[in-house]
Amino acid sequence: MNAESSYPLEPDPVDLTRSTLQLSARHRTGKIWSSLFFVSTTIGVLALVVLLLSILNQSMGLVAVENKVDPASLSDRPLENLSHDELAVILTSHLSQTRINTIERENPIAQRSQADMLQLVYERVVQPKVEQSWGLIDSLLKRNQIIAESAQRHPEAKVEFRSWLNWNFIINSMSSQPELAGVRTALLGSLYMIAFTILFAFPIGVGAAIYLEEYAESNRINRIIQTNIDNLAGVPSIVYGILGLAIFVRTLGLLTSGALFGIGDQNGRTILSASLTLGLLILPILIINAQEAIRAVPNSLRQASYGLGATRWQTIWNHVLPSAMPGILTGTILAVSRAIGETAPLILVGASTFITRDPSGPFSKFTALPIQIYNWTTRPQDEFRNIAAAAIIVLMISLLSLNAAAILLRNRFSRR
Amino acid sequence: MNPETNAKYAIETRDMDFYYGNFRAVKNVNLQFERQKISAIIGPSGCGKSTVLRSFNRMNDFIPGTRVKGEILFHGQNLYDPQVDPVQVRRLIGMVFQKPNPFPKTIYENVAWGARINGIPGIMDELVEESLVKAALWDEVKDDLRKNALALSGGQQQRLCIARALAVRPEIILMDEPCSALDPIATLKIEELMRDLSKNYTIIIVTHNMQQAARASDYTAFFTMEQDRAGVMVEYGQTGQIFTNPRDKRTEDYITGRFG
């Protein structure tokens, strides 16, 4: 008997529609796995959708507003159309002299802009107060019920639809009243901070990656450095905060406060300290990603360059870096996304929770979006959670715009 | 040393050994490559023929732990003298690789870049045209020099790599299996081109393809591997003699297909 007849692989005659050799079982296993993968993708997408919906739900909806003073009683024209001087008259006639003095001390009324005056009049005189707010979903589905409830509980209040995320929210500075609070200082603080973080971390990260990939020999010291960088990427951010507090805020306070250059006081709780701390935090991520990108550049490209009599540096600058740049930028996007959302290290390096002055440079005191969100969510009033949701949307939009810019840049490099 | 001392040979090796760490990959190579001729190096896989070729322009320097013993003479100077700058060596001894590897830039930039970084004198446009003409590529690309080089076909890319090497004014061109990724027609074009180029340049080619060595080269060196896995040079002579009347039994076995 030969091997063929003792182990019949196929029935005779061959029927392609009938499966043999446990083929149906093999297909079944494949189907089970692929449906598992589909389910995990769906769970991820669902979680994301629920998250976005809950933020959106909080960020707009019906509110019951009650003004302490009716704007119509202040002037027969809408307040927005009044001049600076008219607003000043309203302000002085409705506020006590002590409070006017306080305002004058902050910034003389004569020097304030019309928009600033308008905000003051609303904040100090009209004092609109949101008595109650409802989520977007309730507002859409149970509108009549809400209006009835409001009429009963707050007879003076007007029910209106409000998107907490509006232009005023973006351009207003901090306020202790949620109706008037805005994120301008926090947004500017975040943008300044990220700009300095990139300026600090990007060149150092790429430089370190070039050194490790193109120059460093594979010896014990370099392997230890490499392992440490890999591990540093997983260190909790609060630890970097402690490091930043100890080094940048305290030890290098003279430098980070700007006192060394004759700017600012001796306090190192500045944008610069925060940027350096966040820079340290994202450096390992940047280095690892840049290394991956540099390693992915085909060796044949380097050889072609060397073969023409190029030096190592000419090869790196003209061929390796341009080819690796899209990958490096992808890594930078990841790193910056992480940095812009970090809260813990900022709390440690002393970001202010309440600040009305815009940051103006690296030595300014500052606040940042995540700090504001964190701060607002801890307040007892419901309205602060509404503006926290709005601030989250501002944070996400600014993050997406930063990433879009990086992606555009990356595509430019890829096309070359 | 007087540069005229070995003017007859483009490259001469004397008792050359090549080491990867402690492993001797190639031993005792003595070869003289004639000027303005095409010399082929053939042999089975792993016999060290590429290693030998790449040590002629110090491309092995990038592999950690490699070293060369003995001498490789170029204009009477040892290429591995500590005072020799390998960057200078690679400008004078160009290389074309197994897989076409143009830069992901324009055709023009591919040719011009090497000349620019080496400070080759002359008008760049003329140099680019001259190099592309010499590489028999000018007529095909003269109207779209600004096109990305990766859009060319494999054979065109390889000729572009040759043009790129010519633009830095080398004396010797090393070719490491330049046709192994090309179809027969593109291969034939490269072989014709090699013949043209050999009027002005010394060409040393490593090939797996014995017909190619027989067709295209003036001299052939046969390498093989010994029991200790070290590559050795078995026989070197005029291509006609190697292929029709080999002196060594091992050469005969290889070219008749009884081995390898």
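Predicted model: local features only at pLDDT ≥ 70, side-chain atom pairs only at ≥ 80, totals over all residues.
In which sense do strand β3 (residues 38-42) of chain B and β8(B) pair, and over how many bridges?

Residues are numbered from 1 along each chain as its sequence is written, with chains lettered from A and ligands numbered from 1 in the order in which they are written.

**Chain A, whole**

Select chain A. Its secondary structure comes to 19 helices and three strands; helices (H or I, at least four residues) and strands (E, at least two) are DSSP runs numbered from the N terminus. The radius of gyration of chain A is 30 Å, well over the 22 Å that the globule rule gives for 416 residues, so the chain is more spread out than a compact globule. That radius is taken over C-alpha atoms, and the rule is 2.2 Å times the number of residues to the power 0.38. Along the principal axes, the C-alpha atoms of chain A fill a box of roughly 110 × 65 × 40 Å. Buried residues make up 34% of the 416 residues in chain A. A residue is buried if 20 or more other C-beta atoms lie within 10 Å of its own, exposed if 12 or fewer, and partly exposed in between, with C-beta atoms placed from the backbone.

**The two domains of chain A**

Next, colour residues 61-171 as domain 1 and 184-415 as domain 2; these bounds come from an automatic or database domain assignment. The C-alpha centres of the two domains of chain A lie 39 Å apart. Their contact takes seven residues from domain 1 and ten residues from domain 2, where contact means C-beta atoms, placed from the backbone, within 7 Å. On the domain 1 side, β2 (128-133) and α9 (167-171) of chain A each supply at least two residues, and α9(A) gives the most, with three residues.

**A loop in chain A**

Go to Val235(A), in the loop between α11 (220-232) and α12 (237-251) of chain A. Val235(A) is partly exposed, with 13 other C-beta atoms within 10 Å. Pro284(A) is 49 residues away from Val235(A) in sequence and 9.9 Å away in space, C-alpha to C-alpha.

**Where chain A meets chain B**

Show both chains. Here 15 residues of chain A are in contact with 19 residues of chain B. On the chain A side, α15 (299-307) and α16 (312-341) give two or more residues, and the largest share, six residues, comes from α15(A).

Within helix α16 of chain A, pick His319(A). His319(A) is buried, with 22 other C-beta atoms within 10 Å. Not counting residues up to four places away in sequence, His319(A) touches Leu301(A), Arg302(A), Ser305(A) and Phe103(B). Arg302(A) is 17 residues from His319(A) in sequence and 7.3 Å from it in space, C-alpha to C-alpha.

**Strand β8 of chain B**

Finally, select residues 202-206 of chain B, which form strand β8, with five of its five residues buried. Thr202(B), Ile204(B) and Val206(B) point one way from β8(B), and Ile203(B) and Ile205(B) the other way.

β3 and β8 of chain B pair in the parallel sense over four bridges; two strands pair if DSSP finds at least two bridges between them. Ile41(B) has Val206(B) as its bridge partner in β8(B). Strand β7 (residues 172-176) of chain B also pairs with β8(B) in the parallel sense, over five bridges, and Ile173(B) stands opposite Ile203(B).

How values were computed. Contact = placed C-beta atoms within 7 Å.
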